[in-house]
Amino acid sequence: MHKTQATEQASGDPLAGHLPQPELGLPLVITANAPDMALAPWLEVHRKEVMAARRQHGALCFRGFAVDEAQAFEDAARVIAPDLQCEYLGQSPRRKLSNYVFTSTELPPHYPIPQHAEMSFYYDRAPHSLFFWCATASRFGGATPLTDLRRVVQALDPEVRQAFEQRGVRHIRAYEGPRAKRSWDVFQFKRWHEVYGTEDKSEVERIAAEAGDEVVWGPNDRLTLYSTHPAFRHHPETGELAWFNHSQVMHLTATPHELFRQARLLKSPRLLAAATALKAIATAKHRLFPAEKQSYHVTFADGGEIPARMIRHVCDVIWDHTVVMPWQRGDVLAIDNASVAHGRMPFRGERLVAVAWA
Ligand SMILES: [Fe+2]
C-alpha cells in the first residue's frame, strides 16, 4: 500500500486552484501496491488504520484496487460501515444498482450539485458514512469535489458565524402528490411518493416523524416538510465542530450562485446562460412567494430570511476549502459525512458514479 497526498496537476487547468493540496490532506489517497487486489479483503486486514485515517482526513480515496462491479463496491463499503442503508429520503433522483448501491444522482449533466453533507437536514439522523465508486469517468468534468466542513466553520466571518450559531436553520422541502401533474418548477425533482416509496399518507407521516420532520399537507396533497436544527454539529467521535446544514444548497439564491461560479471556473458560455436564466427564475420566485410556498428554501430557525450576502459568503468559504480531484475508473471514496462535504461538477460524456451510505 502507498499512501500519498494527491498533488497539484496541470497548471493551465482552470481548476488548478482547487486541485488537492498536500497541506489540506484531502483526500488521503491510498493506492493498491499490486494489480487486481480486491478492496474488501484488504480493508478487513487494515480496518483499524483506515478508520483512524478517515477520522483525521475526513475522506479517503482508494485507487488502483479491483472494484469492477457494484457488489465489490458494496462489499468494500460494508467493511468500513457494516450498517449500510437502502432507504433514501433525499432530493436526488437515483437508480438502484444492487441492494445497497445506487447511482449517485440522475440529475442532468449540466446541473451543479453544490457541496453538502449528505442529508444534513436530518441532523443527528443523517448518514455517518458515505461512499462513492467510479464505474465510468466522464471525459470532461464530473468530479466529486470535497470540502472539510470543520475548516469552513473556522473560516466564517464572525458576524455570519454568530448569526447561524444563534439562530439555527429551518429547511423547507415541498413535494407535489402522486396525482399532481409534472411540475414546471425547475427546483422540483421528485413527488412525495417517489421520496417515500408509498402513496399512503399516514405511512409518509410516520416515516417523516421518525426522521424528525414536521409535516404540513396542502391543497392537492402537496406535502411540505420542515426540518429545524442548529447550523453546526459536533462530530460524534472527535467533538470537532463542523458546518452541518443545507442552506448553501437549498436557499433559493444558492443554486444560481453556484452555477455562475462553475460557469466561470469551466469557462462555459452554456453554463453562464443557464445561470442567468436560473437567477431570473429564483429571484422572481423569492419575490412572489413566501418561504412556505417554495419547493425548497432555507430560513433561520425563527423563520427570518437568511440574507443572500450571507449565503454567498458561506459558498465562497466553502469553495476556498474545496478540492476537485478528477475521477479515475475504479476509484472508491470513503467519506466521513460528519466532517466532509461532497458535490458534483457538471460533465460531458458517459459518467457512472455510484453511492452507498450508512
Ligand atoms: Fe449527496
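Author: In this predicted model, the count of aromatic pairs comes to twelve. A pair of aromatic rings is described by the distance of the centres and the angle of the planes. One of the pairs is formed by Phe164 and Trp243, with 5.0 Å from centre to centre and 75° between the planes. Planes over 60 degrees apart count as edge-to-face, and the pair of Phe164 and Trp243 is accordingly edge-to-face. Phe164 belongs to helix α4 (residues 158-167) and Trp243 to strand β14 (residues 241-243), so this pair ties together parts that are 79 residues apart in sequence. Phe164 and Trp243 are both buried.

Trp243 also pairs with Phe232. Here the ring centres are 5.8 Å apart and the planes stand at 50°, so the pair of Phe232 and Trp243 is tilted. This pair, too, links distant parts of the chain, since Phe232 lies in strand β13 (residues 232-234) and Trp243 in strand β14, eleven residues apart. Both Phe232 and Trp243 are buried. Which residues do ring pairs link into a cluster? The cluster consists of Phe164, Phe232, Trp243 and Phe300.

Phe140 is placed in strand β8 (residues 140-141). Its relative accessible area is 29%; because buried means under 20% and exposed over 50%, Phe140 counts as partly exposed. Leaving aside residues up to four places away in sequence, Phe140 touches Leu266, Pro346, Phe347 and Arg348. Between the C-alpha atoms of Phe140 and Ser92, which are 48 residues apart along the chain, the separation is 22 Å.

His286, found in helix α9 (residues 269-288), is likewise partly exposed, with a relative accessible area of 26%. With residues up to four places away in sequence not counted, His286 touches His251, Leu252, Thr253, Gln294, His297 and Glu305.

The packing of helices comes next. Two packed helices are described by the angle between their axes and the distance between the axes. Helix α8 (residues 254-266) packs with helix α10 (residues 308-320) at an angle of about 40°, and their axes are 10 Å apart. Angles under 35 degrees count as roughly parallel and those from 65 to 115 as roughly perpendicular; α8 and α10 are therefore oblique to each other. The crossing in which α8 passes α10 is right-handed. On the α8 side, Ala254, His257, Glu258, Arg261, Gln262 and Leu265 take part, and they meet Ile311, Arg312, Cys315, Asp316 and Trp319 of α10.

Leu39, Ala40, Leu43, Glu44, Arg47, Val50, Met51 and Arg54 of α1 meet Asp75, Ala76, Val79 and Ile80 of α2. The contact of α1 with α2 comprises eight nonpolar residues, no polar residues and four charged ones.

Two backbone features remain. Most residues other than glycine have a negative phi. Met119, by contrast, has a positive phi, near 50°, in a residue other than glycine. Met119 lies in the loop between β6 (113-116) and β7 (129-136). Is Met119 buried or exposed? At a relative accessible area of 6%, Met119 is buried.

Asn220 is not a glycine either, and its phi is positive, at about 55°. Asn220 is found in the loop between β11 (214-217) and β12 (223-229). With 69% relative accessibility, Asn220 counts as exposed, whereas Met119 is buried.

Notes: Residues numbered from 1 in each chain as written. Predicted model: local features only at pLDDT ≥ 70, side-chain atom pairs only at ≥ 80, totals over all residues. Heavy atoms only, no water. Axes fitted to C-alpha atoms, helices over the stretch in contact; angles between N-to-C directions. Helix = DSSP H or I, 4+ residues; strand = E, 2+ residues; numbered from the N terminus. Parallel < 35°, antiparallel > 145°, perpendicular 65-115°, else oblique. Left-handed = near helix turned anticlockwise from the far one by under 90°. Contact = heavy atoms within 4.5 Å. Phe/Tyr/Trp six-rings, centres within 6.5 Å; stacked < 30°, edge-to-face > 60°. Buried < 20%, exposed > 50% of the residue type's maximum accessible area, 1.4 Å probe, protein only. Nonpolar A, V, L, I, M, F, W, Y, C, P; charged D, E, K, R; others polar.
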